[in-house]
Structure formats: C-alpha cells, structure tokens
Amino acid sequence: MKKTVCVCTGGCTSSGSLKILELLKSEAEKQGLKDKIIIKPVGCHGFCEQGPIVTIEPDKTFYAKVTEADVSAILKSIYNNQPVAKLLYKNKGQPVAGYDNIPFYRLQHKLVLDKCGKINPEDINDYMAVGGYQGLKKVLTAMTPQEVVDEIKTSGLRGRGGAGFPTGIKWQGALNAQITNQRYVVCNADEGDPGAFMDRSILEGDPHSVLEGMAICGFATGADKGYIYVRAEYPMAIKRLNIAISQAVKHGFLGDNILNTGFNFHIKIKAGAGAFVCGEGTALIASIEGKRGMPKFKRGRTTEKGLWGKPTTLNNVETFANVPKIIQMGGKEYATIGTANSSGTKIFSLTGQVVNTGLVEVPMGTSLRHIIFDIGGGILNNRKFKAVQAGGPSGGCIPEQYLDKPVDYQSLNEVGAMMGSGGLVVLDEGTCMVDLARFFLKFTQAESCGKCTPCRQGTGAMLDILSRICEGRGQPEHLEQLERLARVISSTSLCGLGQSAPNPVLSTLKYFIDEYRAHIFDKRCPAGVCSNLLVYSIERDKCIGCGLCARSCPVAAIGGEKKKPHAIDTAKCIKCDNCRQRCKFNAIVKK
C-alpha cells in the first residue's frame, strides 16, 4: 500500500504549510518517490497549537511544527520506515508517533470532523472513498421525504448555530408548508464570533459533507434550490466550495435528475460582506435577496415564509454536516451519543489561555473541566483558571465552580451562558473581568445594525459605563445602571443578537461582582490590567540600581543614583510597562 503524506492546509496555511506542500511534491520528484507515495492537501487537523502539521497515513504518524527544512527528512523517513524523532509530538516529554495516542485526539469523539485532516477537500473521489454521498443515495432510492424527516427527528439533532432548535421539527414545518411552487434550503456559514473557526474548518476540510446534507434536506423538504451564505473573509472555504459544487454536479450528486431519480437540486454561493448581524436569520435572508442585511420582526416561521417569501429551511454548516452521518448510521444510534436533550457531538474552538488551542469535538454532556484540562492540557504557564467565556461575544463567563457542568444547551443556560456556535475562550487569573465585558460589548455595539433603539443606544450606554469603571471613574450607582440597562436590552431588542448582547456583562456582574467593586470603591484593578488604576513601584530590597529601567522609561519618570535603589515618580508615570518588562531582578511591581 502506498503511503500518503497529508499536509494541513487549513489554519496551518498561516504558518507556511502551502510552501511545505509544494516542497514535498518537488522533493519527492527529485528523490524518485513521485509514483511511490501520495502527497495531498487536507483540511484542518484540529491541533492548531502544533501547526504546521504533517501526517503520514496509514501509519498515523504525526509531525508537529514542521518547517521547510524538515521536508527532506520526512520523505526519507517514509522509505526508511523510521519516523523523524525530532518532529514527533511529545507528551510529558515522551515522543508519540501515532496521533491516536495523543491525548488531544484520543479523548475526543470525532463524528463530523472525522474526515477533516484525512481527505483532500478538492477531490470528490477522496470523499466518496470513505462513504461520501452514500447517505444521499439512500434517501433518494429507499426513503420518502417524511421518512427522512422522521429519521432526523429520531436522532434528536438540534441546530448547531446557537439557538439549538430541533432540526427535525424545523424540517417538518418546511415539508408541511402550503406553498409548493418554490422552496429553498439555506446554509448559514456567516461565522462571525471572534475566535470561532468551526464552520470554516468544515468548509475547508470536508465541503462535500455540507453539500450532501443540504441535498438531503432539499429532498426531505421539497426544495430544489440551495444557498450557502459564507463570509467573504473565508476565501479558501469559498474556493473549495466552488470546486466541490462543480465536482458534485459532474458526478451527478447535484443539478438536474440526480442519480436518475428525478430529483433536482442546485446550490449557489453568496459571499457576505462580513456584517456580524447577518448571522441572524432574517438579516441573512435579506442580504441574499440583495437588500441591506438587517433583522426584521418575524411574522410566522421561516419555513413558511423565508427567502423571497417562500418556505425556507435555514441551518448552519455543522448542522448540515451531521445529516449524512445520521442517515448512514440511523437516527436511533445517533441519539445514543450525548445526552437525552442534546444528542450527538459538538465542535468547539478552544482558544485563550489554554495549552492546547484548536478544534475539539466531544459528545454533548462532556464537562468543561474535561475539555479544558484533559483535552486542552490546562492553563498556560501553570497559571490559575479564572473563567471560560462560552458562546461567543453574546455568551457568558462561567467561573471555576461550574467547571464540572455538562456542556449542553440547558446546563449552559442555567449558569448564564449559552452554547452559541461553539466558541470557548479560556481565561486565567491575569484577566480583568470588567475589561473583558467591555471588550465583548465593544464588539457587539460596533456590529449593531442600529435598527432598534434598545440595541443601538443601550449597548452604547453600557459601554460608556464600563469604560468609566475601567478608567477609574466608576460610581456606585453604575452597578445598578448596568444591570437595569442589560435587562431592558435583553427583553426589548428586535433580534437575538441584541437580546443576548448584555450576557457578558450580566454574567460577570453575577460571578465577579467583587472585581467591579474593587474598580469602583478601591480604584484598583485586581488583575492589574486597567492601566488608569495601576500604580508602579520599585521594591528597594530587590533593586540594585543598574539603571536599565530608567533608560527604558519614555517620560523620564524613574530616577536614582547608580548602584542604589531607584524610585518611580507616579505623577509622571504613563504606565507603559516598559520598566517592568526590562527589569532583570523583578524589582518593579504594579498594583
């Protein structure tokens, strides 16, 4: 059997993986290996912290942080049948050859991401070789639309875009819609949450799974046209989707008379302009129609009156990518994964102050502790865990006391957070929770479409209060004002984005109220982040008077005699942190 060299061309492209791919191909030709091995691009392998990643199949050899200089050694290792030791991932100092033995992978349950990192996303034959389009064949030749809908209902699949609405019930509504002359299927790929890249990785690594899921949905709901609304900032995803659509049409899986069954289904790509609000259903539909992407009050369900006033089934990328799996394995078996109310797996983008950043797929109901500490490897630099921000900029901050909470829709809502699209930002003791709330509110306020007053004016007013608190101008009444504004905005905003915008503020007020009080009453930032509240000083017993801090100060705020303890003039100090970073004796502290 030929060995296959798989080069991650997902997120690893940012660290030069495309050049590594080119060098592997050219070097293989020089070494006479061109016909003896297969070298191919694959999608995101998930372990982004270790990129660029190269794997060798079927050995499952995992090479981390590969450079251009390693190309020759990798190729030689294939015909020598001896892995390149220096490139192997090290777990507690010990090299691990196969990625199945790496805890980051071993502790996951890859269902949707099982092909990402293994197949060439630009070659439909790779997808078909591992069972691709078998689900579509099954529904077109052996099932009725109602049977397909019933299978999705049995699976318990809930929308992975954030709201968690039961997918089978949504599809049933579309199938039952009275209008029969035209129906649509829309895939929401407008992934706008900061730090989220789940949908992007699926589109770049396994685009055919989404196309197959949409086609199955089209058959089940009576639609013959589909749209993928994808962010224009995802050029690789758009490129690979176009290639995948073209190949699917050529092989008879899209287009007219699919597999000679009389079923027609066409898919078009609509590139969005990057407005965060277009992740909301009505705004997304307006954008596809050529209108300004702004939410509107919904009269009835989208499955009855959606795109151009016709019945429309709208799901996100991850939801559609689950569908072929459900059809192939059966809804009953799929429902055994996860929990009773949240079946299946969920993909999370694990970022922030965690050792192993990347994509993580686990069964619903897995604890936050397991995700962050077992799969994620714990907190960077052995610092103390403080909170995890779940659900994107509209999510909430979950403190340490709830680390053993299962990750499902109901449990996260109970602690003031939300599943959202699946972003998990890990925070350590060096994070100021007031400043964090300000950061996320600044994002949502800037991205507000401005259509409704509560969101447009209310988020601005909340942001102003948070800025005052961080700058040392907070007043006791600001705490009550923040909570009152948050409740009003949540209950009166037009769309879900405005309604959930105050969540970071409400959750930090609930769990980290002491930090707010320290900012307001003590004029102190416990995390040492808010510069206006910091005071720099030099500990005399540690200072040897080397003068390095004084020379690095841009405003000459540090003085003292040579070889004698120095001092900082706090009136002049601009709190740039230069002195503390340059001091070799840890003599400068900020409080």
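A search of the whole structure, which is a predicted model, finds 27 salt bridges.

| Pair | N to O distance | Relative accessibility of each residue |
| Lys 239 and Glu 122 | 3.7 Å | Lys 239 43%, Glu 122 23% |
| Arg 369 and Asp 404 | 2.8 Å | Arg 369 33%, Asp 404 52% |
| Asp 435 and Arg 438 | 2.9 Å | Asp 435 23%, Arg 438 22% |

**Salt bridges**

The side chains of Lys 239 and Glu 122 form a salt bridge at 3.7 Å. Lys 239 belongs to helix H10 (residues 235-250), while Glu 122 sits in the loop between helix H3 (103-106) and helix H4 (124-129), so the pair ties together parts that are 117 residues apart in sequence. Lys 239 counts as partly exposed, and Glu 122 also counts as partly exposed.

Arg 369 and Asp 404 meet through their side chains at 2.8 Å. This pair links distant parts of the chain, 35 residues apart: Arg 369 is in helix H14 (residues 368-375), and Asp 404 is in the loop between strand S15 (396-399) and helix H15 (409-414). Arg 369 is partly exposed at 33% relative accessibility, whereas Asp 404, at 52%, counts as exposed.

Asp 435 is partly exposed, as is Arg 438.

Salt bridges also join Asp 114, Lys 115 and Lys 325 in a network.

**Positive surface patch**

On the surface, a patch of positive charge gathers Arg 551, Lys 562, Lys 563, Arg 582 and Lys 584. One of its members, Arg 551, lies in helix H22 (residues 548-552). Arg 551 counts as exposed because its relative accessibility is 63%, over the 50% cut-off.

**Cysteines**

The structure holds zero disulfides. A disulfide is a covalent bond between the sulfur atoms of two cysteines. For Cys 187, the closest cysteine sulfur is that of Cys 217, 10 Å away, which is too far for a bond. Cys 187 is buried, with a relative accessible area of 0%. Cys 583 is likewise in no disulfide, and the nearest cysteine sulfur, in Cys 546, is 6.4 Å away; a disulfide requires the sulfur atoms to be within 2.5 Å. Cys 583 has a relative accessible area of 17% and is therefore buried, as the cut-off for that class is under 20%.

Methods:
Residues are numbered from 1 along each chain as its sequence is written. This is a predicted model: local features need pLDDT of at least 70, side-chain atom pairs count only at pLDDT 80 or more; totals for chains, interfaces and linings use all residues. Side-chain values use heavy atoms; hydrogens and water are left out. Patches are made of residues with over 30% relative accessible area and no salt bridge: like charges are joined within 9 Å, nonpolar side chains (Val, Leu, Ile, Met, Phe, Trp, Tyr) within 5 Å. Accessible areas come from the Shrake-Rupley method with a 1.4 Å probe; for residues, only the protein chains shown count as cover. A salt bridge is a side-chain nitrogen of Lys or Arg within 4 Å of a carboxyl oxygen of Asp or Glu. Lys and Arg count as positive and Asp and Glu as negative; His and the chain ends are not counted. The place of a charge is taken as NZ of Lys, CZ of Arg, CG of Asp or CD of Glu. Helices (H or I, at least four residues) and strands (E, at least two) are DSSP runs, numbered from the N terminus. Buried means under 20% relative accessible area, exposed over 50%, partly exposed in between (1.4 Å probe, protein chains only).
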